[in-house]
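Subject: Handover of a structure

Dear colleague,

Please find below the structure that I am handing over to you. My notes on its side-chain contacts follow it.

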Amino acid sequence: MDILTDKKKAFFDTFGFLAFPGLLADCIDEIIEAFDDIWAQRGGGHNGQPHDGIRRSCIVPFIDQHERLCALLDDPRIKEILVGLLGENFNYMGSDGNYYAGDTQWHSDGWGKEIRFVKIALYLDHLTRDTGCLRVIPGSHHLKDQYANNVENTVRKSHEQWDIHGPDVPALALETNPGDVVLFNHNLKHAAFGGSPRRRMFTINCSERFPEDEEHIELLKTQIAARARFWNDRAYGKIMLATAGPERKKHLTQVLAHDAHLAELSARAREEMPEPSRG
Ligand SMILES: O=C(O)CCC(=O)C(=O)O
């Protein structure tokens, strides 16, 4: 297959995102059915409650809850992209499933991540610029770049800085149809505006394999520890592990080897939080 061409890789390096219209159009019906099944089994919304249309409902990890979605990690098209961007031994770092309600303000999923992280996002409804599609600020992921640092320091205060609100910040709107795949570097600034109270979307997060020295393994453990707020005892769900063949296992082993601290952190989070985090 020639999905992730060298030119596309170069585009990703420069701008921090890619869009693949129709990449999974041939199986999007099954994907949506699996998405809906997971929510139906979980009471329809957040933490076993119906989705209220006001706050985001979120399930983490998400694809781990359904064999069909776990298998996206084995899909040759997804694999080609992840291997091309993150290397042969990339890590699956988790996923979230969402009913969004309202806008998502400008942010990065990390700032300063030395290890490359990629988020794959599947939006399951037709979305336009003003109905909640993903917006990105091209090039805003370059950590050492003056422009990107300027954006990092100002974009959340756009009104104070430039007298404009979030939706008017110069950006690219990645309008999508179900079956399209968009993805971006975690450091990239992104947002969404004007979506319905029930905007369906799930993500798959992956990273380069972490070098095995102490400092990087500590970094990996910190990443895994962040999952405690979702009340996860292990990094992966049972179905993800039970249905993994040798190929998929390659992308699970490093995290599995370093998630032993998560259960205790989650137990603490359960005591301190009224519900698992919504994002
Ligand atoms: O679609 C959205 O509301 C934004 C998604 C997002 O911010 C994320 O997945 O990190």
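Asp-75 and Arg-77 are both buried, where buried means under 20% relative accessible area, exposed over 50%, and partly exposed in between (1.4 Å probe, protein chains only). Their side chains meet in a salt bridge, N to O at 2.9 Å; the term stands for a side-chain nitrogen of Lys or Arg within 4 Å of a carboxyl oxygen of Asp or Glu.

Please note that this is a predicted model, in which local features need pLDDT of at least 70 and side-chain atom pairs count only at pLDDT 80 or more, while totals for chains, interfaces and linings use all residues. Residues are numbered from 1 along each chain as its sequence is written, and side-chain values use heavy atoms, with hydrogens and water left out.

The count of salt bridges comes to 21. One of them joins Asp-74 and Arg-248, at 2.8 Å from N to O. Helices (H or I, at least four residues) and strands (E, at least two) are DSSP runs, numbered from the N terminus. Asp-74 is partly exposed at 35% relative accessibility, whereas Arg-248 is buried at 3%.

In another salt bridge, the closest N and O atoms of Arg-135 and Asp-130 are 3.4 Å apart. Here Arg-135 is buried, at 2%, and Asp-130 is partly exposed, at 49%. Salt bridges also link Lys-79, Glu-88, Glu-247 and Lys-250 in a network.

How many aromatic pairs does the structure hold? There are 12, counted where rings of Phe, Tyr and Trp (its six-membered ring) have centres within 6.5 Å; planes under 30 degrees apart count as stacked, over 60 as edge-to-face and the rest as tilted. Phe-11 and Phe-15 form a tilted pair, with 4.7 Å between centres and 50° between planes. These two residues are 4 residues apart in helix H1 (residues 6–15), about one helical turn.

Phe-35, Trp-39, Phe-62, Tyr-99 and Phe-202 form one aromatic cluster. Within it, Trp-39 and Phe-62 are both buried. Arg-198 lies over the face of Tyr-99, 4.3 Å from the ring centre; a charge sits over a ring if NZ of Lys or CZ of Arg is within 6 Å of the ring centre and within 35 degrees of the ring normal.

Yours sincerely
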